[in-house]
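Here is a short report for a reader meeting this structure for the first time. Please look over the sequence and the model before reading on.

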Amino acid sequence: MKDQPTIGVIGYGTMGAAIAQHLRNAYSVFVYDRDADKTSSAEGVAVLAELESLPAAVDLILVAVKPQDFGELLKEIAPFLKETHAFLSIAAGIT
């Protein structure tokens, strides 16, 4: 039997937190937000202090940041990604 997939959520604002809290019922969820105050009360998920550690911990990465922050985030995380990572984004207007 395959191990339970792990999901990383980048961005723990209203949408990212709501999705992470729902996913935690079925998956191992790791979250990161550059504003540590947003993740300070997170429950049932693993909170990561550094963005660089998220890709090593997860199979799928959900990007829940504002569209204007998307490009910079991808540049920042790119060196830590593997070809096997799957991405899902909720950023409006980003193809």
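## The nonpolar core

This is a predicted model. Its largest nonpolar core has 14 residues. Seven names stand out: Ile10, Leu51, Leu54, Ile61, Val63, Val65 and Leu73 touch the most other members. Three elements, β2 (28-32), β4 (60-63) and α4 (67-77), each give this core at least two residues. The largest share comes from α4, with three residues.

In soluble globular proteins, nonpolar side chains tend to be buried together.

## The salt bridge

How many salt bridges does the structure hold? There is one. Arginine 34 and aspartate 69 form it through their side chains, at 3.7 Å from N to O. The pair links distant parts of the chain, 35 residues apart. Arginine 34 sits in the loop between β2 and α2 (36-39), while aspartate 69 belongs to helix α4.

Are the two partners buried or exposed? Arginine 34 has a relative accessible area of 64%, so this residue counts as exposed. Aspartate 69 has 26%, so this residue is partly exposed.

## A patch of negative charge

The surface carries a patch of negative charge. Glu50, Glu52, Glu72 and Glu76 gather there.

Where is glutamate 50 placed? This residue is in the loop between β3 (46-47) and α3 (54-57).

## Two buried loop residues

Tyrosine 12 lies in a loop, between β1 (6-10) and α1 (14-23). Is tyrosine 12 buried or exposed? Buried means under 20% relative accessible area. Tyrosine 12 has 7% relative accessibility and therefore counts as buried. In sequence, tyrosine 12 and leucine 60 are 48 residues apart. In space, the two are 16 Å apart, C-alpha to C-alpha.

Valine 45 is in the loop between α2 and β3. Its relative accessible area is 14%, so valine 45 is buried. How far apart in space are valine 45 and glycine 8, which are 37 residues apart in sequence? From C-alpha to C-alpha, they are 9.7 Å apart.

Methods: Residues are numbered from 1 along each chain as its sequence is written. This is a predicted model: local features need pLDDT of at least 70, side-chain atom pairs count only at pLDDT 80 or more; totals for chains, interfaces and linings use all residues. Side-chain values use heavy atoms; hydrogens and water are left out. Patches are made of residues with over 30% relative accessible area and no salt bridge: like charges are joined within 9 Å, nonpolar side chains (Val, Leu, Ile, Met, Phe, Trp, Tyr) within 5 Å. Accessible areas come from the Shrake-Rupley method with a 1.4 Å probe; for residues, only the protein chains shown count as cover. A salt bridge is a side-chain nitrogen of Lys or Arg within 4 Å of a carboxyl oxygen of Asp or Glu. Lys and Arg count as positive and Asp and Glu as negative; His and the chain ends are not counted. The place of a charge is taken as NZ of Lys, CZ of Arg, CG of Asp or CD of Glu. Helices (H or I, at least four residues) and strands (E, at least two) are DSSP runs, numbered from the N terminus. A nonpolar core is a set of buried Ala, Val, Leu, Ile, Met, Phe, Trp, Tyr and Cys residues joined through side-chain atoms within 4.5 Å. Buried means under 20% relative accessible area, exposed over 50%, partly exposed in between (1.4 Å probe, protein chains only).
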